[in-house]
Amino acid sequence: MPTDVKIKKGLKLNLKGEAENSIEQAQKPKTVALRPSNFHSLVPKMVVKEGARLKAGDEILFSKYSDKTRVVSPVSGTLKEIKRGAKRKILDVIIEADDTFEYKDFGIMDPLKTDSSEVKNRIFSTGLGIFLNQRPYNIPANAEDTPKAIYISAYDTAPLTASFEVVLQDKVEHFQTGINALTKLTGGKVYLGVDKNSISFLNDIENVELLTISGPHPAGNVGTLIHETEPMNRGERVWTINPEDVAIIGEQFNTGKFNAERTVVVTGTAAKNRKYFKSIIGAEVSSILKNDYEENSRIISGNVLTGEKIESDSFINFFSNTLTVIPEGNEHRMFGWLPFKDNNIHSASKTSLSWLFPNKKYDVNTNLNGEERALVVTGEMEEVMPLDILPMQLIKACMAGDIEKMENLGIYEVVPEDFALVEYTNTSKIEAQEIIRNGLDIMITEVG
Amino acid sequence: MNWIRQKIDQIKEPFEPGNKLEKYRPAVNALDTFLFVPDHTTKKGAHIRDAVDLKRTMITVVLALIPALIFGMWNAGYQHYTQLGENPAIFEAILHGAYKIVPMIVVSYAVGLGLEFAFAIMRGHEVNEGYLVTGLLIPMIMPVDIPLWMVALSVIFAVLIGKEAFGGTGMNILNPALTARAFAFFAYPTYMSGNKIWVSEASNVDTISGETILGSLAANKEVTYNAAEMFTGVIPGSISETSTLCIAAGALILILTKVADWRIILSGVIGAAAMGLLLNALPSLGVEGNGLTNFAWYNHLIVGGFAFGIVFMATDPVSAAQTMKGKWIYGALIGLTAILIRTLNPAYPEGIMLSILLLNVFAPTIDHYVIQGNIKKRHKRLSMKTVKTA
């Protein structure tokens, strides 16, 4: 019997620029990049040098603090360049991809018929462990831990994101194998969140605790699912993983090959060709977007609420399955601060008439719609925070770097994306996600 | 529009970073952003943002104040002419009120915004919009005959001691507008209380006394106004506090736009009504009470500054309680203590000012206990867990 996860607080953002539900094969990228900054707090140690020949699945780098946290090559090819920044920090590891891939053979394994420790060892030694993220802190999972549960959300409630019913439609078998492998990693349950209002093949997945999600964003956030089922306490560890990455793990068990296929959805009003593209993890943006987008627009690896701004000659982030392109909002708006003016811009506040049209779809751009100010208005953060967290108090504790207060107010239960809507609706235009990330970083160094 | 924009950019040129007048940038920006919402874009995180900003929020409060302000001007003129035995036209009355009140507003904004700009330049941050509301509130809660220099002095005290000393907008403990009024009240009591100050130029007229209703009750005099007059506000008092009707219109704007928290207003009214009922019941308990305690509880809600205070001052989000439960407690306590001070302390026939300032001070304490509740839940969950696994 599935468990219902139903929330009331939050915000459903209806935005223009959705993708159509068709999948196309993207052009094969000439280069792909692995970006150590995609794995928060990971200090990379390179295994291979520039010019090295690689098969898909060959180890590229590992974490300075745990050699079981490994990143392997998504393609076969030649390591072209290790881009470094200040203090020789590795920014990008760029690999030139071959036309036809050679795969490292890891051998076939049925996780259900294999011992837990062997499954775990396989996942972490072959670089699949990097797909697992640890809560608290949202950092790569530590192979030494046994999490109390593993969470997968196959229902993204953020605006302009991929539907996993489309992404996973021809990967069901691998997805199931991946789930089977995950069950061997935890003593607890593997939770799978799905859309309550849409019955699909996802409802028939076995060996999971099914959560049927309903309500506005952030209903589908993993943080919400954890909070509604087994809330995090101090000292506990939970792992989370994206649905398509589960399928990658499954495929590696089923076929012995590391097939880093990433189905990327292109969304946003400034993108002209909006659909799903089959590409590869870390592919160059130009191979997916080509030049099919408007000028003066922003390319975001991820969704409009939590993604990262990237350049057109750059690469899609490791975990991203969305490329959003929206117009830049670098223009002045006369008397735009008057109440009830410019109702074509969405506002969760009642000082705009946009609330009268809950089903209207909005055009969005990147304008800040104001300037950053001191925190004055109270009560608005609570409106979009379904977790039992006092958002403003937690933000202030993070700003002050008060460890005891952060812990008391529930810092372990949140990651930056849980504060995305707080950031969106905030009158004072504060960067809530950045503040929470900094708070988490303080906790990592002080508490661990 | 483009040529205006170009002109402004041209004027701003010397203030851009790296140029000569760079440090005066916040002042120029403050003026510019009143014409145009700036072209600033998001950097990371949420790449899109809500249309609301602090300017819009503050302007909404100013809009909500307009009905009470216009009525206040009319009433100032009306009270002035009727004490002389004349019957003024609406326009004439407003004109007299405006003649008295507009200079007060000008002084309040000029002095207050001057200080705000100076602090913004000194501290290198943008000018916050909060003073747009504070600067209008201060004249609205003063007696109509107060000298302009006193307005200026009160504003200086409120901005310097009430706000900037604590770190500026968002950090102040007390409501700045009430700080200004409290300053004037204690520094110049003869201009802030008595029976000659509530009606414009009443001190020039010997025979007539323009006392407030609460003042008359405290002095055990007969009240000659009926409930309708008290509600519409055709009575003497501070400039904009008299009309419960116009204040209710403002409250409606604030509640519908969610700029003010309805919880504070509602719990405040409930608290005041409860205290009023309790005091009204004193005679049946064998206690005699006084003119104020025996004043009907519903009348307490519509005379004096209670309505204005609970709608426009208690709801100031910075100095109020910030948690949801805290707001209920905060509002109710303001209502209770306002009527308590009003009725039982003959030295202060109006209690709302002191009760809001008092609860401003206690708001962080109220919040502290609400927050502890949230923390305890978390600790309990942890200890339950440890018991289970042990």
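**View 1. T78(A) faces E96(A), its bridge partner in strand 9 of chain A.** Helices and strands here are DSSP runs (H or I, at least four residues, for helices; E, at least two, for strands), numbered from the N terminus. This is a predicted model: local features need pLDDT of at least 70, side-chain atom pairs count only at pLDDT 80 or more, and totals for chains, interfaces and linings use all residues. Residues are numbered from 1 along each chain as its sequence is written, while chains are lettered from A and ligands numbered from 1 in the order in which they are written. Strand 8 and strand 9 (residues 90–97) of chain A run antiparallel, with 7 bridges between them; two strands count as paired if DSSP finds at least two bridges between them. Another spot to look at is K83(A), which sits opposite D92(A) in strand 9 of chain A. The two strands make a hairpin with 5 residues between them, and K87(A) in the turn has a positive phi of about 55°.

**View 2. Here is the open sheet of 4 strands in chain A, in the order 3-9-8-5.** Its pairing is antiparallel. Which strands are at the edges? They are strand 3 (31–34) and strand 5 of chain A, each of which pairs on one side only. Strand 5 (residues 53–54) of chain A joins strand 8 (residues 77–84) of chain A through 2 bridges, in the antiparallel sense. Along that pairing, L54(A) stands opposite G77(A) of strand 8 in chain A.

View 3. The C-alpha trace of chain A spans about 65 × 50 × 45 Å along its principal axes. An automatic or database domain assignment supplies the domain bounds: domain 1 (1–28 + 105–329), domain 2 (31–97) and domain 3 (368–446) of chain A. The centres of domain 2 and domain 3 of chain A, taken over C-alpha atoms, are 33 Å apart. Of the 448 residues in chain A, 55% are buried (20 or more other C-beta atoms within 10 Å of a residue's own; 12 or fewer is exposed, in between is partly exposed, and C-beta atoms are placed from the backbone).

**View 4. L323(A) sits in the largest nonpolar core, which has 131 residues.** A core of this kind is a set of buried Ala, Val, Leu, Ile, Met, Phe, Trp, Tyr and Cys residues joined through C-beta atoms within 7 Å. The members touching the most others include Y151(A), Y191(A), V266(A) and L323(A). Leaving out residues up to four places away in sequence, L323(A) has contacts that include V264(A), V285(A), I288(A) and S301(A); a contact means C-beta atoms, placed from the backbone, within 7 Å. There is also a second, separate core of 92 residues, with V133(B) and F183(B) among them.

**View 5. E230(A) sits in the loop between helix 4 (222–229) and strand 15 (238–240) of chain A.** Is E230(A) buried or partly exposed? It counts as partly exposed, because 17 C-beta neighbours lie inside 10 Å. Beyond residues up to four places away in sequence, E230(A) touches K148(A) and A149(A). E295(A) is 65 residues along the chain from E230(A), with 46 Å between their C-alpha atoms.

**View 6. V377(A) is in the loop between strand 21 and helix 7 (380–383) of chain A.** With 24 C-beta neighbours inside 10 Å, V377(A) counts as buried. Neighbours within four places in sequence aside, V377(A) is in contact with T427(A) and S428(A), and also with T57(B) and P317(B).

**View 7. Now for the contact between the chains, with 63 residues from chain A and 51 residues from chain B.** Helix 10 of chain A gives the most to its side, with 4 residues. That side of chain A has 22 nonpolar, 25 polar and 16 charged residues (Ala, Val, Leu, Ile, Met, Phe, Trp, Tyr, Cys and Pro count as nonpolar, Asp, Glu, Lys and Arg as charged, and the others, Gly among them, as polar). Strand 21 of chain A pairs with strand 1 (residues 36–37) of chain B, antiparallel, over 2 bridges. There, R333(A) stands opposite V37(B).

Technical notes:
Two residues are in contact if their C-beta atoms, placed from the backbone, lie within 7 Å.
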